[in-house]
Amino acid sequence: MAHEMIGTQIVTERLVALLESGTEKVLLIDSRPFVEYNTSHILEAININCSKLMKRRLQQDKVLITELIQHSAKHKVDIDCSQKVVVYDQSSQDVASLSSDCFLTVLLGKLEKSFNSVHLLAGADAAEWDWLCVKCQQYLSKA
């Protein structure tokens with residue numbers, strides 16, 4: 001099913017360069033199930049999982065995306081609409097291939113209404129995922 005293009009794609013190397021440059025604030029959102037997030041995630045990423053209930057609440061505007069981010073974060077998050085937002089789920093390759101009713105499409109759409117720059121991290125294979133986690137953790141642990 002076709003849908004309006006939301007978000008743009010970002011590759012792992014660009015995300016690492018963005019974090020290393022330190023010139024822009026980046027909000028990382030992990031949209032995988034909690035078990036996967038708990039197993040391995042990018043340091044400082046906020047897990048917003050894909051439950052049917054949360055998807056329905058977002059679609060019906062019963063929860064604001066900024067409230068959901070604050071509720072899901074382990075600590076208070078400074079939310080600035082001008083910061084870049086990068087969402088990842090470790091399997092989606094590009095925004096155009098997402099169905100219009102999947103949780104990730106709903107999440108990206110809601111994020112785009114609150115933030116100026118929303119990106120989907122292009123799916124990475126296992127080796128690239130491990131490299132990304134290490135690079136991001138090296139950078140974020142120094143910050």
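1. Asp89 is buried (under 20% relative accessible area, against over 50% for exposed and in between for partly exposed, with a 1.4 Å probe and protein chains only), yet Asp89 has no salt bridge, and the nearest side chain of opposite charge, Arg32, is 7.5 Å away. A salt bridge here is a side-chain nitrogen of Lys or Arg within 4 Å of a carboxyl oxygen of Asp or Glu. For charge, Lys and Arg count as positive and Asp and Glu as negative, while His and the chain ends are not counted. Asp89 sits in the loop between β4 and α5 (103–114). Apart from neighbours within four places in sequence, Asp89 is in contact (heavy atoms within 4.5 Å) with Ser31, Arg32 and Leu104.

2. On the basis of the note: this is a predicted model, in which local features need pLDDT of at least 70 and side-chain atom pairs count only at pLDDT 80 or more, while totals for chains, interfaces and linings use all residues. Residues are numbered from 1 along each chain as its sequence is written, and side-chain values use heavy atoms, with hydrogens and water left out.

3. The protein has six helices and five strands, in the order β-α-β-α-β-α-α-β-α-β-α from the N terminus. Helices (H or I, at least four residues) and strands (E, at least two) are DSSP runs, numbered from the N terminus. Of the 143 residues, 43% are buried.

4. Strand β5 (residues 117–121) is largely enclosed by the rest of the structure, because five of its five residues are buried. Ser117, His119 and Leu121 point one way from β5, and Val118 and Leu120 the other way. Two strands pair if DSSP finds at least two bridges between them. Strand β1 (residues 8–10) runs parallel to β5 and is joined to β5 by three bridges; Thr8 has His119 as its bridge partner. Strand β4 (residues 84–88) also pairs with β5 in the parallel sense, over four bridges, and there Val87 is partnered by Leu120.

5. How many salt bridges are there by this rule? The count comes to three. Asp30 and Arg32 form one of them, with the closest N and O atoms 2.7 Å apart. Asp30 is buried at 0% relative accessible area, and Arg32 is buried at 3%.

6. Glu24 forms a salt bridge with Lys84, the closest N and O atoms being 3.6 Å apart. This pair links distant parts of the chain, 60 residues apart: Glu24 is in the loop between α1 (12–21) and β2 (26–30), and Lys84 is in strand β4. Glu24 is partly exposed at 35% relative accessibility, whereas Lys84 is buried at 15%.

7. Lys110 forms a salt bridge with Asp61, the closest N and O atoms being 2.4 Å apart. Lys110 lies in helix α5 and Asp61 in the loop between α3 and α4, so the pair ties together parts 49 residues apart in sequence. Lys110 is buried at 13%, and Asp61 is exposed at 55%. Asp61 has a positive phi, near 55°, although Asp61 is not a glycine.

8. Phe103 is in helix α5 and is buried, with a relative accessible area of 9%. Phe103 and Lys55 are 48 residues apart in sequence but 5.8 Å apart in space, C-alpha to C-alpha. Beyond neighbours within four places in sequence, the contacts of Phe103 include Ile48, Met54 and Leu58.
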